[in-house]
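Please look over the sequence and the model first, and then follow the points below, which are grouped by topic.

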Amino acid sequence: MNAKYVWYVSYGSNMCRQRLGCYLEGGQPEGATRTYPGARDRTPPRADAAVELPGRVYFGGYSPTWGGGIAFYDHAQPGPSLARAYLITAGQFADIAAQEMRREPGPDSVVERTLIDGLPAGRFEAGPGRYETLIALGQRDGASMYTFTSPGGIDDVPHADPTQPYLAMLCQGLQESLQWSQQRALEHFTALFR
């Protein structure tokens, strides 16, 4: 596994450190119906930071893990959107993305190779799945920042509100990263419902 460090930028439930931990260490998040195998490298993030993205977060589709809609990011829409960045290895990022797509983490993934080589034109579609489009978001402290989302934009996915357990994870992420109250975080996310 390559030790190149990147910032994984989460705009969804992975803003919650406990939720991200299930992708790195393995486990089942509270309120979810799925248990995750974890990453090949289970080391915690070296750092994390609250960040703003230039695009817009929206909710759509249907999650078999949570029920209801899940968060997506449209880089082309006006923002800003609140997010949390974690400094992890390219291999850990690839393993998180694999688990998002209900795959087992493994060596030599196209996502890992792409992060090591750099995204062509700042965007790369690793596959047709809902979280297989990688977006480059610039640099922070000398490391590249990336997120993943669906290949389509805000008008290409049927909109759906998130369930309460999923929304609770989102709110907890903002409470941790921005020291917001639960009410302020809830108001922020419900304003994004369509």
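Glutamate 176 and arginine 84 form a salt bridge in which the closest N and O atoms are 2.6 Å apart. The model is a predicted one, and the structure holds 8 salt bridges.

**The pair of glutamate 176 and arginine 84**

- Glutamate 176 is partly exposed, its relative accessible area being 27%.
- Arginine 84 has a relative accessible area of 5% and is therefore buried, because buried means under 20%.
- The pair also belongs to a network of salt bridges, in which Arg17, Asp48, Arg84 and Glu176 are linked.

**Other salt bridges**

- The side chains of aspartate 95 and arginine 40 meet in a salt bridge, with an N to O distance of 2.9 Å.
- That pair, too, links distant parts of the chain: aspartate 95 lies in helix 2 (residues 90-100), while arginine 40 lies in the loop between helix 1 (17-25) and strand 2 (47-53), and the two are 55 residues apart.
- Aspartate 95 counts as buried because its relative accessibility is 1%, whereas arginine 40, with a relative accessible area of 32%, is partly exposed.
- Arginine 103 and glutamate 132 meet through their side chains in a salt bridge of 2.5 Å, taken from N to O.
- Here both partners are in loops, arginine 103 between helix 2 and helix 3 (110-117) and glutamate 132 between strand 6 (123-125) and strand 7 (133-140), and the pair, 29 residues apart, links distant parts of the chain.
- Arginine 103 is partly exposed at a relative accessible area of 43%, while glutamate 132 is buried at 8%.

- An open sheet is formed by 6 strands in the order 2-5-1-8-7-6, and their pairing is mixed.
- Strand 2 and strand 6 stand at the edges and have a single partner strand each, so one side of each is left without a neighbour in the sheet.
- On average, and with direction ignored, neighbouring strands of this sheet are turned by 30° against each other.
- Strand 7 pairs with strand 8 (residues 143-149) in the antiparallel sense, over 6 bridges.
- Threonine 133 has threonine 149, in strand 8, as its bridge partner.

Note on methods. Residues are numbered from 1 along each chain as its sequence is written. This is a predicted model: local features need pLDDT of at least 70, side-chain atom pairs count only at pLDDT 80 or more; totals for chains, interfaces and linings use all residues. Side-chain values use heavy atoms; hydrogens and water are left out. A salt bridge is a side-chain nitrogen of Lys or Arg within 4 Å of a carboxyl oxygen of Asp or Glu. Helices (H or I, at least four residues) and strands (E, at least two) are DSSP runs, numbered from the N terminus. Buried means under 20% relative accessible area, exposed over 50%, partly exposed in between (1.4 Å probe, protein chains only). Two strands pair if DSSP finds at least two bridges between them. Axes are lines fitted to C-alpha atoms, for helices over the stretch in contact, and angles run from 0 to 180 degrees between N-to-C directions.
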